[in-house]
Amino acid sequence: MTQAISTPAAQVLWVFGTGGTISGRAADPKDVLGYTAGEVSVDALLGDVAVPDGVSVRAEQVAQVDSKDMSWAIWQDLAQRVRAALMQPETRGVVITHGTDTMEETAYCLHRVLGPAVAHKAVVLTGAMRPASALEPDGPGNIADAMRVACAPGARGVALCMAGRVWDALQGQKLHSGRLDAFGARDGEAFAEVCAGEVSVTGDWPQPSGDAWAHALAAEAPWVELLTSGTQASARALQALISAGVEGVVLATTGNGTVHQDLLRAAEAAYAAGLPVVRASRTAHGNIRDGHPQAIPHAGGLSPFKARVEMMLRLASEQQAVLA
Ligand code: SIN
């Protein structure tokens with residue numbers, strides 16, 4: 001259902017709700033842990049949030065999930081609706097309310113599939129660490145900030161906005177399981193901040209992705225798994241996955257892209273035999289820099305989680321190209 005929340009204005013700011021703690025509810029307002037995510041509608045979330053001047057808000061509920069359960073099917077629906085909204089000339093920008101646990105994966109997916117659709121408009125994802133029912137919820141402030149970012153002059157690209165800081169879809173990631181300012185950059189800084197409703201941009205707005213895999217989500221979700229390398233890592237899990245028909249593997253590596261020798265031998269053999277395999281560092285920050293030549297490519301500055309999204313979208317887009 002689409003609902004106009006404020007008085008009509010020349011430009012439209014879309015808000016798509018997908019669930020998460022931001023729409024979570026607990027029986028006791030003092031309870032910020034024992035809540036159920038994805039209960040409060042996006043219309044209700046917008047109830048007390050101040051809308052930026054000159055826009056009217058249109059809200060749509062796309063999903064109502066705990067983002068640990070985010071799915072390819074929801075991504076398909078969300079990406080389609082966001083793209084349709086961006087194509088309307090009166091659209092100023094888009095905000096998405098999302099659970100924080102996989103927000104960075106959805107942001108990265110949208111970055112890759114929207115491509116030039118965000119060359120002149122922004123899609124800003126936001127969430128909350130406390131449920132909507134909390135005595136002092138952080139959701140309303142985060143939504144207000146995200147709206148201001150989406151409406152800021154020059155806004156473009158896919159961004160994440162939490163606790164007054166804003167990152168692009170490559171950099172932004174959840175780094176803390178409980179703090180209100182749970183997000184940070186993979187390797188760098190926030191490109192903007194929001195304080196008392198004012199957006200200060202200190203870096204560059206996110207660059208739209210060059211090769212947009214617009215149709216990738218129309219394919220079946222490819223089966224891509226993450227395998228972690230560490231003490232006593234072995235080839236057994238990889239062999240089991242290959243026997244079961246896995247279509248791609250991301251190795252969450254130690255340090256600068258290194259893999260336990262027992263797992264590495266099997267992974268190199270699988271890669272040589274045609275299985276897509278990529279290395280992404282399991283460290284919280286930094287990127288893999290080339291050192292010794294390695295047979296298996298690396299994912300540069302992508303976390304293992306975003307490298308997995310990247311591989312899923314690449315394989316899906318190859319499937320689509322074969323069908324075309
Ligand atoms: C979720 O990701 O849906 C639950 C946790 C959160 O939003 O903080």
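Helices here are DSSP runs of H or I, at least four residues long, numbered from the N terminus. The model is predicted.

Start by selecting N142, which lies in helix α4, residues 139-151. N142 counts as buried because its relative accessibility is 4%, and the cut-off for buried is under 20%. Now show what surrounds N142: apart from neighbours within four places in sequence, N142 is in contact with T126, G127, A128, M162, A163 and G164.

Next, turn to the salt bridges, which number 9. Select R25 and E39, whose closest N and O atoms are 3.8 Å apart. This pair links distant parts of the chain, 14 residues apart, with both R25 and E39 in the loop between β2 (11-19) and α1 (42-45). R25 is partly exposed at 42% relative accessibility, and E39 is partly exposed at 39%.

Move to helix α2, residues 72-87, and select D77 and R81, which are 4 residues apart, about one turn of the helix. Their salt bridge has its closest N and O atoms 3.1 Å apart. R81 is partly exposed at 25%, as is D77 at 24%.

R314 is partly exposed at 31%, and E318 is partly exposed at 38%.

Conventions: Residues are numbered from 1 along each chain as its sequence is written. This is a predicted model: local features need pLDDT of at least 70, side-chain atom pairs count only at pLDDT 80 or more; totals for chains, interfaces and linings use all residues. Side-chain values use heavy atoms; hydrogens and water are left out. Helices (H or I, at least four residues) and strands (E, at least two) are DSSP runs, numbered from the N terminus. Buried means under 20% relative accessible area, exposed over 50%, partly exposed in between (1.4 Å probe, protein chains only). Contact means heavy atoms within 4.5 Å. A salt bridge is a side-chain nitrogen of Lys or Arg within 4 Å of a carboxyl oxygen of Asp or Glu.
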